[in-house]
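Here's a quick briefing to read with the model open. Have a look at the fold first, then work through the points below.

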Amino acid sequence: MSTTPALEAPPADSRAAAKALHRTLAVVIIGSVMSVLDMTIVNVALRSLSEAFHAPLETIQWTATAYTLALAAVIPTAAWAMGRFGAKRTYLTALVLFTLGSLLAAFAWDAPSLIAFRAVQGLGGGLLMPVGMAMVMRIADRERLGRSMALLGLPILVGPAAGPVLGGRLLDSASWHWIFLVNLPVGAVALVLAARLLRPDEPQAGPPALDVLGLLMLSPGLALLLFGLARGGERGDFASYGALVPTLAGVALVAAFVRRALTAREPLLDLRLLGDRTFAVGIGTLALFTCGYFGSMLLTPVYWQQVRDTSATTAGLLGAPIGLTVGITMQVAARRIDKVSPRRLIPAGIAIGALGMALTAVQIGTDDVAPWRLVGAGMVMGVGSGMVLMPTMTTASRDLPMDRMAAASTALSINAQVWASVGTALISVVLGSAGADPAGFRIAYAVAAGLLALALLPASLLPGRRA
């Protein structure tokens, strides 16, 4: 496919290649830490933002939804932008947009302005992950890709562990403005390092014109789909007019894009990647696991603050061990995936993750269950998640041709965003229908455990040990 950039071969000198890889990883990790921290902090801050702007929680929830919709709109352009402007310029633009959006959000004067500025953040955040991942994939050789992807997982170690604690502390001791201002020094450091350390790359020679028709199908389609899911999740009713119409419109536009992408000469996104069995199986595994894992993430802070009446700081501290467990396990598993059979490692991780989620479901329905028991069950789930997320991404993409890595990273990012939103909407509806009490949380966690377990079906088709 010609919409992906022409990727240079790694330098002949292995030391120069390793140096370029380490520099790229340093820049991408810092940018990703900023993005992940922001998302986890804002999730903790929704109640405080509602009080600060004297707006109902349903309105403030749009600060998260607007970010997600902007992500969905811009992610499909990542591969084209790298080919048209070069990966380094595209990444610098993403950092500027995210940092500028953070600054504007910190000085928002009402709920609508905050929602608009969060959308600006989303435009930058939507490019950070696929562009950063593509830059690493194009430099790392096949044998170091697992270790490189493990390092890319560091933000998942730092963000969920530090974000809720930092967000809770800022809200309890300072003001809501600081949950956005905290991004500014990190963004400034990331911009300086990206300008100095990233290897310059030229735009693709004679890049094709942007597939405007495909963009007009996919970006609005994803945005409408996620909008409909969010509305259905908020209201607990996907059959309502406000949820059903945008969801169906989004599905229709995405389906039209799929048809175009499989027949057009130069589509916006190369869906022929799914013709590679390993990539297709990896996408399927990640879809189901992401749906259950990220869908369940909204439950923990809500449970501790709403049912157990803890402060935002305490809720963050109780969630930190789970985030640390995910990140540490991911560092080990993503390095091991270069040497062990994905067909053994990843299904084992799925089983452990589903077990941990089921243990949470069994215990959370008990009145005044000891916090350490719920945290322990969450850490079991974290071990499984760390064994699945980055190792599956590495397995899915490492044997693809180098000139398809940008398209692969874009497809993986879209897949994660869509299914995380599906899971969040589904779990929201389950919790809303069952009731936000211990029994309702038990049902919601049980549904999440079932979604994780379903990922065993595609995971059983993953390849064995590489030659």
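**Helix 14 meets helix 19**

Helix 14 (residues 299–307) and helix 19 (residues 438–454) have axes that come within 11 Å and cross at roughly 175 degrees. An angle over 145 degrees counts as roughly antiparallel, so that's what helix 14 and helix 19 are to each other. Keep in mind that this is a predicted model.

*The helix pair, residue by residue*

- On the helix 14 side, the contact is made by Leu299, Thr300, Val302, Tyr303 and Val307.
- Helix 19 brings Pro438, Phe441, Ala444 and Tyr445 to the contact.
- Sorted by type, the residues of this contact come out as eight nonpolar, one polar and no charged.

*The nonpolar cores*

- The largest nonpolar core has 117 residues, and Tyr91, Met149, Leu152, Phe257, Phe279 and Phe289 are the ones touching the most other members.
- Helix 18 (residues 405–434) is the top contributor to this core, giving twelve residues.
- There's also a second, separate core of 21 residues, with Ala45, Ala55, Ala105 and Phe180 among them.
- If you skip neighbours within four places in sequence, Phe289 is in contact with Ile350, Gly384, Ser385, Val388, Leu389, Leu452 and Ala455.

*Leu457, buried or exposed?*

- Leu457 sits in helix 20 (residues 456–459).
- Its relative accessible area is 60%, and the cut-off for exposed is over 50%, so Leu457 counts as exposed.
- Leu457 and Thr93 are 364 residues apart along the chain, and their C-alpha atoms are separated by 40 Å.

Note on methods: Residues numbered from 1 in each chain as written. Predicted model: local features only at pLDDT ≥ 70, side-chain atom pairs only at ≥ 80, totals over all residues. Heavy atoms only, no water. Core = buried A, V, L, I, M, F, W, Y, C linked by side-chain atoms within 4.5 Å. Buried < 20%, exposed > 50% of the residue type's maximum accessible area, 1.4 Å probe, protein only. Helix = DSSP H or I, 4+ residues; strand = E, 2+ residues; numbered from the N terminus. Contact = heavy atoms within 4.5 Å. Axes fitted to C-alpha atoms, helices over the stretch in contact; angles between N-to-C directions. Parallel < 35°, antiparallel > 145°, perpendicular 65-115°, else oblique. Nonpolar A, V, L, I, M, F, W, Y, C, P; charged D, E, K, R; others polar.
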